[in-house]
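Here is the note on the chain you asked me to look over. Please read it with the structure open.

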Amino acid sequence: MNEVFNPEGRLYQVLLKVYEIVALHVLFVVTSVPLVTIGAATTATYATWFRIWNGVDDGKLVRTFFREFRSNFRKSTILWLVMAAVVAVCAWLVYPVAVAPAIRAFPPLSLAAILLVTVAALAAGYLFPLLARFENSVWRTVLNAFVIAMTNMAASVAVCVINFGILVGGFVFAGRFVVLWLFGAVGVASFLSSWILNRVFAAYLPAEEPSAAS
């Protein structure tokens, strides 16, 4: 019983992580209800995890989340709307009207199309985490996402697999465990991805700067 209340105990640390995962999942879902706020919710989730990983959180998870949500709202929303617009245009207009006929006429283009989508998917996993971790313009963040994704391929693939596997694959194959998915998918995915990305981003911090979220 003492181990449950001992902050240094293993059981306490496990229970704390479970709480953080579930709490951040719920906070993300609640703040994403308007849909236009999904970008800000994603950035806030990662920013909170980075503070936890780097030991600079104040123990007030909910307060930290909403502080990060407000401070990153403008840039995150712009990035989210641009992403949504690009995906929508490509999915419903560009691909069936322009790309698909070209691929049928010249099959090797299918490889180029797959490569382009793959690179974009790998870079997408860095967009909101970069906004959460570094102070940059939206367009600089997009550029950095592509550069870092391509120079850290193992981490990029891992983050992509985690996000797709848990958020998409988990929903499809959850079955009787769908309730668990509904109450923890985003929390688990962001927990694992943020741990990987926090280590990747450490290499891009000045040596004299402490490894702490801004």
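1. Overall make-up. The model is a predicted one. Its secondary structure comes to 10 helices and 0 strands, so that the order along the sequence reads α-α-α-α-α-α-α-α-α-α. Of the 214 residues, 38% count as buried. Among contacts with a separation of 6 or more, 71% are between residues 24 or more positions apart.

2. Length of helix α2. Helix α2 covers residues 10–31, that is 22 residues.

3. Buried side of α2. Which residues of α2 are buried? They are Lys17, Glu20, Ile21, Ala23, Leu24, His25, Leu27, Phe28 and Thr31. The cover over these buried residues includes α3 (38–53), α4 (61–71), α9 (178–182) and α10 (185–202).

4. Packing of α2 on α10. The axes of these two helices come within 7 Å and cross at roughly 115°. The crossing of α2 and α10 is right-handed. On the α2 side the contact is made by Lys17, Ile21, His25 and Phe28, and on the α10 side by Ala185, Val186, Gly187, Val188 and Phe191. By class, the contact has 6 nonpolar, 2 polar and 1 charged residues.

5. Thr141. This residue sits in helix α7 (residues 138–151). Is Thr141 buried or exposed? Its relative accessibility is 2%, so Thr141 counts as buried. A polar atom of the Thr141 side chain lies 2.8 Å from the backbone oxygen of Ser137. Leaving aside neighbours within four places in sequence, Thr141 is in contact with Leu127, Leu130, Leu131 and Asn136.

6. Phe134. Phe134 is found in the loop between α6 (109–133) and α7. Why does Phe134 count as buried? Its relative accessibility is 18%, and buried means under 20%, so Phe134 falls within the cut-off. Which residues does Phe134 contact, leaving aside its neighbours within four places in sequence? They are Phe201, Tyr204 and Leu205. Phe134 and Phe201 are 67 residues apart along the chain, and their C-alpha atoms are separated by 9.1 Å.

Note on methods: Residues numbered from 1 in each chain as written. Predicted model: local features only at pLDDT ≥ 70, side-chain atom pairs only at ≥ 80, totals over all residues. Heavy atoms only, no water. Helix = DSSP H or I, 4+ residues; strand = E, 2+ residues; numbered from the N terminus. Expected span 1.5 Å × (residues − 1). Buried < 20%, exposed > 50% of the residue type's maximum accessible area, 1.4 Å probe, protein only. Contact = heavy atoms within 4.5 Å. Axes fitted to C-alpha atoms, helices over the stretch in contact; angles between N-to-C directions. Left-handed = near helix turned anticlockwise from the far one by under 90°. Nonpolar A, V, L, I, M, F, W, Y, C, P; charged D, E, K, R; others polar. Polar contact = N/O pair within 3.5 Å; in protein donor to acceptor, adjacent residues only side chain to side chain.
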